[in-house]
Amino acid sequence: PPPPPPPPRIFFIKQKTSDEFIPSLVGSEMCIRDSVVKADLSCLPFEMSTFDTTYSYGVIHHVPVPSQAASELARVVRLDAEVAVYVYEDFGERSAGLRASLSCVNWFRRFTTRLSPVVLYRLCQIMSPVVYLMCTVPFLIFKHIRPLQNLAYAIPFRHGLGPFSLIGDLYDRFSAPIEYRYNRETSAELLAGAGLEVRKVVYERGWMVLGQKSTANGGPDIP
């Protein structure tokens, strides 16, 4: 029998290294990264058409020029490959109260981005149980009450798994000196501007955008 095809080459981008399993966007079994590369997302050290898919989770909105980073993601995947990104929402469709809370967070970020990483991490350790009680616990209760379900799924940090499970998320939000936010249209434009065909835009605590590299949409005809 012919040898099995090689597994897909997946480029997963995240700010922090981890040992978590990464789902393939092309339908293969769960796979774990076999290497970690530290690089500038706006100038990746890979040749064109290196990967079968790329997935950027919570990174592209923290780089100085997100459009340049999106173009790099498109460059390093092969023709017909998929590129997926997750970016923060701009709260434009949220309530006035939630928009005000985002303004407060942005005000605090003026100070937290100047703290040393050790001090900020300790503060996030202290705040994680507080945020879990204020956000995750109400979500776990409200989602079972039909009149409150819409409210439940509008609560930020509803994904906590325990009192100290939000440390990384809080550190991510308060440590990055650069932060861009998007709505449905602008998140799609981010990939479209990189020459990708936007296949899907889904809201999940932010915007998940799936694009595909194709010659019909301006992608280079590279095997």
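Buried residues here have under 20% relative accessible area, exposed ones over 50%, and partly exposed ones fall in between (1.4 Å probe, protein chains only). With that in hand, welcome to the close-ups. The model is predicted, so to speak of local features a pLDDT of at least 70 is needed and side-chain atom pairs count only at pLDDT 80 or more, while totals for chains, interfaces and linings use all residues. Residues are numbered from 1 along each chain as its sequence is written, and side-chain values use heavy atoms, with hydrogens and water left out.

**View 1. The overall layout has 6 helices and 5 strands.** Helices (H or I, at least four residues) and strands (E, at least two) are DSSP runs, numbered from the N terminus. Along the sequence they come in the order β-β-α-β-α-α-α-α-α-β-β. The protein has 223 residues, and 38% of them count as buried.

**View 2. Glu 89 and Arg 94 pair through their side chains in a salt bridge.** For this term, a side-chain nitrogen of Lys or Arg must lie within 4 Å of a carboxyl oxygen of Asp or Glu. Here the N to O distance is 2.6 Å. Are the two partners buried or exposed? Glu 89 counts as buried because its relative accessibility is 8%, and Arg 94 is likewise buried, at 13%.

**View 3. A salt bridge joins Arg 78 and Asp 52.** The side chains meet at 2.8 Å, N to O. This pair links distant parts of the chain, with Arg 78 in strand E3 (residues 77–87) and Asp 52 in strand E2 (residues 51–57), 26 residues apart. Asp 52 has 18% relative accessibility and therefore counts as buried, whereas Arg 78, at 31%, is partly exposed.

**View 4. Within helix H1, Arg 75 and Glu 72 sit about one turn apart.** Helix H1 covers residues 66–75, and the two residues are 3 apart in it. Glu 72 is buried, with a relative accessible area of 12%, while Arg 75 is partly exposed at 21%.

**View 5. The second largest pocket has a volume of about 680 Å³.** Closest to its centre, among the 28 lining residues, are Val 105, Val 131, Phe 157, Leu 170 and Phe 174. On a 1 Å grid over the protein atoms alone, a pocket is an open set of points where a 1.4 Å probe fits, with protein on both sides within 12 Å along at least five of seven lines; lining residues have an atom within 4 Å of a point. The volume is the space filled by probe spheres set on the points, which are joined across faces, edges and corners. Helices H2 (96–112), H3 (117–142) and H5 (167–175) each give at least two lining residues, and H3 has the largest share, with 7. By class, the lining holds 19 nonpolar, 3 polar and 6 charged residues; Ala, Val, Leu, Ile, Met, Phe, Trp, Tyr, Cys and Pro count as nonpolar, Asp, Glu, Lys and Arg as charged, and the others, Gly among them, as polar.
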